[in-house]
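Dear colleague,

I am passing this structure on to you, and my notes on what was found in it follow below. Please read them with the structure open beside you.

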Amino acid sequence: MSAREREVLEAVERLRRLRPKLKDELITLAHGAGGRASRVLVEALFLEELGNPVLAELEDAARIDGLALTTDSYVVKPLFFPGGDIGELAVNGTINDLAVSGARPLCLCAGFVIEEGFPIADLRRIAASMGEAARAAGVPVVAGDTKVVERGHGDGVYVTTTGIGVIDEGVELSPANVQVGDRILVSGPMGDHGVAIMIARGALELEVELESDTAPLHALVGDLLASCEGVRWLRDPTRGGLATVLNELALATELAVVLDEGAIPVRPEVTGACEILGIDPLYVANEGKLVAVVAREHAEEALEALRADRVARDAAIVGEVQPDPPGLVVLETSFGGRRIVDMLVGDPLPRIC
Amino acid sequence: MRFVDEYRSGDVARRVTAEIQALLEPNRTYKLMEVCGGHTHTIYKHGIEQVLPEQIDLIHGPGCPVCVIPMGRVDDALSIAARPNVIFTTFGDMMRVPGGNGSLLEAKAAGADVRMVYSPLDALKVARENPDRDVVFFAIGFETTAPSTALTLLRARDEGIRNFFAFCNHVTIIPAIRAILTSPDFRLDGFIGPGHVSTVIGTRPYEFIVRDYLKPLVVAGFEPLDVLQAVWMIARQLAERRCEVENQYTRVVREEGNPRALEAIAETMELRTSFEWRGLGFISQSALKLRDEFAHWDAELRYDLPGVRVADPKACQCGEVLKGVIKPWECKVFGTACTPERPIGTCMVSSEGACAAYYNYGRLTRPLEVVAS
């Protein structure tokens with residue numbers, strides 16, 4: 001490569017690290033996609049106005065005096081989809097944000113924004129499914145709120161859940177722990193949830209039997225932390241997928257995340273649907289998977305610990321942390337080439353969760 | 001996955017690369033243009049440039065349908081979308097393309113009813129479901145997508161759906177290739193010919209390239225091994241001093257193309273006298289408009305459009321990128337003022353645009369070339 005090309009690329013990298021400026025005048029769907037525009041919105045608006053040291057960590061859950069606190073809103077469309085519904089998603093999603101912060105979830109609160117005219121039977125079905133998910137996970141919904149908005153001012157029902165958990169002594173998961181040589185693990189095939197929702201909308205007229213992977217991960221995380229040393233950092237790759245969480249890791253650590261394309265588990269149905277839609281499965285949402293960064297010498301042990309659990313029986317080691325190129329995620333393609341896996345721009349699949 | 005993995009095998013790639021290398025003359029650089037944006041995307045997505053011998057320099061051509069739409073046409077689309085009774089339907093790629101007055105994504109946020117569709121037939125369905133609204137489809141693309149617009153128009157006529165309108169921006173590939181060949185900056189050794197376009201037009205229309213300009217062309221598929229095999233076929237032609245149109249994509253492309261698709265286009269559309277291409281300027285007989293028989297379904301006749309030519313931003317060098325005169329990173333605003341989230345030029349928008357492909361996938365530093373002093 002020429003010296004000039006390298007200079008240009010270095011300038012791009014410097015720019016990527018500058019605190020982003022919010023130049024848009026209106027909110028677009030891209031601000032909700034979990035990619036670059038979402039990050040700009042959070043950092044240049046919310047962090048600026050609400051900023052404090054706990055929020056500034058921008059982790060999946062805030063950590064305060066041994067407690068973890070998190071909140072998440074669910075606007076998925078359709079409300080009922082193969083493998084789950086908005087209620088189950090709202091319980092599992094918030095449990096997972098606590099779990100990957102290293103917390104044992106204690107309880108949840110739930111807020112409902114309901115549109116005038118919404119069938120009570122559907123609301124009961126959603127509440128029943130939340131109750132079932134909460135009981136199965138052992139994490140009860142202990143408080144809630146309901147609001148009703150005029151017809152046409154909501155889309156059926158939106159659910160927000162807030163969760164609180166306890167971080168046991170000695171558990172400290174943070175990008176700061178991540179070191180060169182660490183291995184990247186995923187707990188199963190990528191992209192099931194996002195593609196299942198897309199297909200459930202029916203707009204594509206694809207006949208594929210695929211279910212959302214929505215599942216609580218706190219038991220899996222508990223077992224992993226109890227049985228394996230060297231777990232540095234965990235995330236659940238929801239909106240924006242595996243690519244987005246690994247980009248956040250690379251930027252936070254100023255290290256490179258190098259992935260082996262052939263090692264990343266993706267179901268053939270998901271690969272096929274993504275090929276047709278022109279989407280990369282690495283950017284598609286998951287709702288019952290985690291990404292773990294584990295010290296090299298404990299990686300096999302962690303893999304075994306994950307595979308011992310039914311929800312992670314297809315876990316795999318998919319990459320490693322390297323020094324170069326700093327701040328970037330690189331994919332070694334099955335074809336033998338290398339490419340960047342960048343932050344997502346725009347929103348190929350709105351309202352997935 | 002069957003029918004995909006076979007075309008992505010690293011082992012086969014290494015063998016083909018070795019065969020390509022054996023065909024190359026030492027100390028010579030081979031500049032090959034992939035005309036089609038789909039190939040540009042494949043090349044970056046699979047890291048093909050790193051697999052190929054360094055002597056092969058792939059130049060990214062003008063065949064990205066989103067990239068060649070001039071700003072004035074985007075402004076026309078925005079003016080249609082802003083009308084109160086209009087549902088404006090578009091392929092997702094066009095949503096973020098900047099015109100002189102913003103993008104469709106911004107128009108949607110500001111209240112316009114803009115909907116993403118995967119096919120013009122989806123737009124026709126929207127029209128059927130909303131008989132009181134005008135449903136406009138932003139028809140873009142080369143001969144690849146023109147048949148689906150044509151079939152949709154035929155269906156609208158046959159079903160008597162009169163609230164569907166096509167805003168036709170279909171372009172044709174041959175005039176664009178001719179513009180590249182006659183450009184004073186032209187320095188290429190051969191072409192990787194477009195695959196999907198050729199399924200429609202066949203391989204005969206490329207004969208003038210080998211006859212008049214003496215450049216080999218190989219029509220190629222879109223999997224990485226397709227591209228690699230096409231490079232090998234061009235290298236073999238050059239080594240054997242041959243210059244022919246060859247077809248690597250035989251599993252899909254026929255010499256005569258797809259006569260039924262061509263008939264559908266001919267029944268509904270005809271050539272415009274001239275059409276502006278982003279970066280390439282006005283090219284005569286390079287685009288399609290609806291025939292008089294389909295005047296009722298023609299959005300250009302239905303609405304009073306601004307139709308103003310909007311000059312590209314001064315800093316934007318999409319034209320040079322589309323002609324392959326400069327590499328994406330050589331553009332003055334690449335990656336700084338022009339990024340995928342805030343694009344100045346169209347090449348930075350579509351995943352098939354050379355700048356977006358390079359920015360999103362190719363931005364890897366490699367060892368510096370040793371420059372002889």
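How many residues does helix H5 of chain A have, and how far does helix H5 reach from its first C-alpha to its last? Before the reply, please keep in mind that this is a predicted model. Helix H5 of chain A, residues 120–137, has 18 residues and reaches 25 Å from its first C-alpha to its last, which is close to the 26 Å expected at 1.5 Å a residue.

Within H5(A), the residues Ile126(A), Met130(A), Ala133(A), Ala134(A) and Ala137(A) are buried. Seen down the axis of H5(A), these buried residues fall within an arc of 100°, and they therefore line one face of the helix. As a general point, an α-helix has 3.6 residues a turn, so residues three or four places apart point the same way. On the other side of H5(A), Ile120(A), Ala121(A), Arg124(A) and Arg135(A) are exposed. The cover over the buried residues of H5(A) includes both strands and helices of chain A, among them strand S4 (84–85), helix H4 (86–99), strand S5 (103–115) and helix H7 (218–227). After H5(A) comes Gly138(A), whose phi is positive, near 70°.

Turning to chain A as a whole, there are 10 helices and 14 strands in it. A compact globule with 353 residues would have a radius of gyration near 20 Å, and because chain A has 20 Å, the two agree. Taken along the principal axes, the C-alpha atoms of chain A fill a box of roughly 65 × 45 × 45 Å, and 49% of the 353 residues of the chain count as buried. If we take the contacts in chain A between residues at least 6 apart in sequence, 83% of them join residues at least 24 apart. The domain assignment of chain A gives domain 1 (25–58), domain 2 (60–170) and domain 3 (175–340), and the centres of domain 1 and domain 2 of chain A, taken over C-alpha atoms, are separated by 21 Å.

The next topic is where the two chains meet. Here 36 residues of chain A are in contact with 38 residues of chain B. On the side of chain A that touches chain B, at least two residues each are supplied by helix H1 (3–17), helix H2 (36–50), helix H9 (268–277) and strand S14 (338–340) of chain A. H1(A) gives the most to that side, with 8 residues, and the residues of this side of chain A divide into 18 nonpolar, 10 polar and 8 charged.

H2(B) is followed by Gly47(B), whose phi is positive, near 65°.

The other place is Met33(B), which lies in strand S1 (residues 30–36) of chain B. Met33(B) counts as buried because it has 26 C-beta neighbours inside 10 Å. Leaving aside residues up to four places away in sequence, Met33(B) touches Ile59(B), Gly61(B), Leu188(B), Phe191(B), Ile192(B) and Gly324(B). Met33(B) and Lys323(B), although 290 residues apart in sequence, are 9.4 Å apart in space, C-alpha to C-alpha.

With best wishes

Note on methods
Residues are numbered from 1 along each chain as its sequence is written. Chains are lettered from A and ligands numbered from 1 in the order in which they are written. This is a predicted model: local features need pLDDT of at least 70, side-chain atom pairs count only at pLDDT 80 or more; totals for chains, interfaces and linings use all residues. Helices (H or I, at least four residues) and strands (E, at least two) are DSSP runs, numbered from the N terminus. The radius of gyration is taken over C-alpha atoms; the globule rule is 2.2 Å times the number of residues to the power 0.38. A residue is buried if 20 or more other C-beta atoms lie within 10 Å of its own, exposed if 12 or fewer, and partly exposed in between; C-beta atoms are placed from the backbone. Two residues are in contact if their C-beta atoms, placed from the backbone, lie within 7 Å. Ala, Val, Leu, Ile, Met, Phe, Trp, Tyr, Cys and Pro count as nonpolar, Asp, Glu, Lys and Arg as charged, and the others, Gly among them, as polar. The expected span of a helix is 1.5 Å times one less than its number of residues. The arc is that of the directions from the helix axis to the C-beta atoms. Domain bounds come from an automatic or database domain assignment.
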